[in-house]
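Have a go at each task before you read its solution.

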Amino acid sequence: MTRKPDAAKLTVDALMAIQPVIPVVTVDRSEDAEPLGAALVGAGLRVIELVMRTEAAAEAIRRMSGIEGAIVGAGTVLSPTDFDVAMKAGARFIVTPGLSSFIVEGARAAGVPILPGVCTATEIMTGLSLGLDRFKFFPAEQAGGPAMLKALHGPFGHVKFCPTGGVTERTAPDYLALPNVAVVGGGWITPKALVDAKDWEKIADLAKTAAGLKR
Amino acid sequence: MTRKPDAAKLTVDALMAIQPVIPVVTVDRSEDAEPLGAALVGAGLRVIELVMRTEAAAEAIRRMSGIEGAIVGAGTVLSPTDFDVAMKAGARFIVTPGLSSFIVEGARAAGVPILPGVCTATEIMTGLSLGLDRFKFFPAEQAGGPAMLKALHGPFGHVKFCPTGGVTERTAPDYLALPNVAVVGGGWITPKALVDAKDWEKIADLAKTAAGLKR
Amino acid sequence: MTRKPDAAKLTVDALMAIQPVIPVVTVDRSEDAEPLGAALVGAGLRVIELVMRTEAAAEAIRRMSGIEGAIVGAGTVLSPTDFDVAMKAGARFIVTPGLSSFIVEGARAAGVPILPGVCTATEIMTGLSLGLDRFKFFPAEQAGGPAMLKALHGPFGHVKFCPTGGVTERTAPDYLALPNVAVVGGGWITPKALVDAKDWEKIADLAKTAAGLKR
């Protein structure tokens with residue numbers, strides 16, 4: 001297999017720079033992966049986090065990764081087993097809801113970018129000691145929202161976050177305006193009702209609006 | 001000593017299934033243990049968390065455990081020393097406000113069920129890596145309440161919680177309605193003023209109402 | 001160099017007992033250190049946390065430490081490197097936004113008091129296992145404020161906190177009234193605008209009011 005040019009130099013910063021919102025996607029039926037992925041990529045959202053919460057997830061990562069231009073990562077990676085399944089499915093990056101040093105070290109050994117979740121200063125310091133300074137901030141709204149991120153910016157001026165969890169099209173700009181927010185994670189682009197209805201057109205509309213958010 | 005039939009198979013899930021609310025009880029005078037325990041057990045609250053916050057706690061666990069049908073555990077176990085004292089007093093389960101891998105491993109070695117407190121995704125992932133998927137969520141109200149538990153249900157769909165801290169008779173139903181809440185911990189059933197007044201009747205009334213909560 | 005008498009017995013409890021508010025100070029120009037420190041010490045705020053967030057921080061610690069009566073510590077210590085720089089600059093105590101066992105152990109080995117930040121029960125239990133029971137509570141307002149500290153007082157009755165982050169002259173009394181708050185950290189005494197304007201008189205006024213807060 002020929003590696004795509006961007007595969008060699010993929011970093012968390014590069015991933016975060018591509019678009020203002022990373023869609024967080026749950027796929028229940030693997031056959032939805034292509035049309036759903038095509039709707040997102042076509043609307044400008046190439047970087048997609050597909051969560052390992054369903055039986056179909058691994059096959060969906062595999063299928064969605066076949067779409068020209070798509071960069072599909074695995075989310076909700078909770079264990080080394082999940083990590084192995086995600087890597088075998090071709091995940092280009094790894095997202096975890098919390099910080100696990102085991103999974104961080106696994107990702108480093110495999111050379112795959114990882115975005116682990118944190119929500120306290122202690123968790124950030126643990127991440128720093130592992131050599132990381134890019135994190136998911138989860139669950140963003142419930143863990144204190146923009147006010148918490150502002151407070152964390154004081155001591156952690158060089159750390160950048162991807163707030164995820166409860167963020168909406170309406171609240172995303174409040175996060176994206178912060179100096180320590182690089183990108184947000186968004187579940188609102190692919191709500192279950194629209195995916196179940198296979199309404200790719202409506203999803204493409206939501207994706208276009210998300211892709212156009214300022215930061 | 002003949003082990004009671006349920007002693008052999010006591011698991012956290014079994015404990016959580018017995019009643020909708022686990023009373024969290026502070027005993028200042030060990031002679032209160034029997035009448036207080038009898039009021040709770042008589043009202044249908046057999047599983048009781050007695051906190052290691054007073055000089056009388058160990059003796060109170062010992063005495064309350066003698067009540068027919070009572071399953072008395074130790075709460076606020078903060079150190080291996082607390083753990084040893086609790087085990088010697090006959091604690092049938094262990095509750096800790098936060099997650100300590102030392103205490104979790106001690107409980108596993110002793111074969112006693114443990115319910116450690118967590119309140120972030122990282123803490124849950126640490127617990128998962130220790131083989132646990134049942135946790136106290138503490139302090140429930142202050143750490144984000146039902147909204148936080150809903151957010152944590154996303155990535156941690158198989159994890160069940162016992163929210164404790166600030167929960168009341170009025171707010172308990174909001175927690176018990178959540179798919180990831182198995183039981184709640186309640187301090188409202190044995191308020192200090194009623195225990196000091198030895199008003200076992202009023203405590204039995206509060207316990208009956210708690211025992212009747214739907215989940 | 002002759003050690004001052006109080007240098008030998010400096011403990012976190014001793015530091016916390018000196019004044020109700022520890023000013024948290026950012027210095028951008030090392031030449032501001034003396035007049036700024038003099039304004040604080042003259043107003044009764046001898047214990048000063050100077051944060052390692054600027055190029056000038058180490059030199060500012062060195063200079064401010066020369067003021068008669070000043071006890072200058074380093075805040076925002078994020079790594080062993082920061083710790084070494086702070087110690088070489090003469091920091092008399094160490095403050096970290098989160099809990100790092102590496103830095104705690106370094107401080108113990110060096111015999112310097114450390115006040116690490118925590119905001120969850122698990123983080124407190126980790127601190128207890130490291131032999132600590134005095135913590136910064138950070139970020140105080142965003143991590144739940146006085147209500148969270150009240151909840152943590154339940155299981156952790158012997159632990160004392162220094163709430164820092166978002167605390168103001170107006171809200172400081174709510175924290176200082178709590179049984180588990182020994183002192184608060186305050187950034188409001190040295191706001192950037194006043195430091196940039198070299199308005200030491202106004203800073204001295206704010207410091208006097210802070211020094212007079214009841215606890």
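**Exercise 1. Chain copies and their interfaces**

What share of the interface residues of chain A are also interface residues in chain B? Work out, too, how the copies are related.

*Solution.* Before starting, note that this is a predicted model, in which local features need pLDDT of at least 70 and side-chain atom pairs count only at pLDDT 80 or more, while totals for chains, interfaces and linings use all residues. Residues are numbered from 1 along each chain as its sequence is written, and chains are lettered from A and ligands numbered from 1 in the order in which they are written.

Step 1. The share is only 5%, so chains A and B meet through different surfaces. Contact here means that the C-beta atoms of two residues, placed from the backbone, lie within 7 Å.

Step 2. Count the partners: 20 residues of chain A are in contact with 14 residues of chain B. On the chain A side, these comprise eight nonpolar, ten polar and two charged residues. For these classes, Ala, Val, Leu, Ile, Met, Phe, Trp, Tyr, Cys and Pro count as nonpolar, Asp, Glu, Lys and Arg as charged, and the others, Gly among them, as polar.

Step 3. Move on to chains B and C, where 20 residues of chain B contact 14 residues of chain C. The chain B side that touches chain C has eight nonpolar, ten polar and two charged residues. Only 5% of the interface residues of chain B are also interface residues in chain C, so here too the copies meet through different surfaces.

Step 4. Now superpose. Two copies of a chain are related by a rotation about an axis and a shift along it. For chain A on chain B, the turn is 120 degrees, the shift along the axis 0.0 Å and the RMSD 0.0 Å.

**Exercise 2. Two helix pairs**

Describe how H3(B) packs with H11(B), and how H2(A) packs with H3(A).

*Solution.* Helices (H or I, at least four residues) and strands (E, at least two) are DSSP runs, numbered from the N terminus.

Step 1. In chain B, the axes of helix H3 (residues 33-42) and helix H11 (residues 200-211) come within 8 Å and cross at roughly 30 degrees. H3(B) is therefore roughly parallel to H11(B). Angles under 35 degrees count as roughly parallel, over 145 as roughly antiparallel, 65 to 115 as roughly perpendicular and the rest as oblique. Axes are lines fitted to C-alpha atoms, for helices over the stretch in contact, and angles run from 0 to 180 degrees between N-to-C directions.

Step 2. List the contact residues: B:Pro35, B:Leu36, B:Ala39, B:Leu40 and B:Gly42 of H3(B) meet B:Trp200, B:Ile203, B:Ala204 and B:Ala207 of H11(B).

Step 3. In chain A, the axes of helix H2 (residues 33-42) and helix H3 (residues 57-64) come within 9 Å and cross at roughly 50 degrees. H2(A) is therefore oblique to H3(A).

Step 4. A:Ala33, A:Glu34 and A:Gly37 of H2(A) face A:Ala60, A:Arg63 and A:Met64 of H3(A) in this contact. The classes are three nonpolar, one polar and two charged.

**Exercise 3. Backbone exceptions**

Which residues joined by a cis peptide bond can you find in chain B, and where does A:Lys198 lie?

*Solution.* Most residues other than glycine have a negative phi, and most peptide bonds are trans.

Step 1. B:Phe138 and B:Pro139 are joined by a cis peptide bond, with omega about -10 degrees. B:Pro139 sits in the loop between strand E6 (134-137) and helix H8 (145-153) of chain B.

Step 2. A:Lys198 is not a glycine, yet has a positive phi of about 50 degrees. A:Lys198 belongs to the loop between helix H9 (192-196) and helix H10 (200-211) of chain A. With 13 C-beta neighbours inside 10 Å, A:Lys198 counts as partly exposed. A residue is buried if 20 or more other C-beta atoms, placed from the backbone, lie within 10 Å of its own, exposed if 12 or fewer, and partly exposed in between.

Step 3. B:Thr76, also a residue other than glycine, has a positive phi near 55 degrees. B:Thr76 is buried, with 22 other C-beta atoms within 10 Å.

Note on methods
Least-squares fit on C-alpha atoms with pLDDT ≥ 70 in both.
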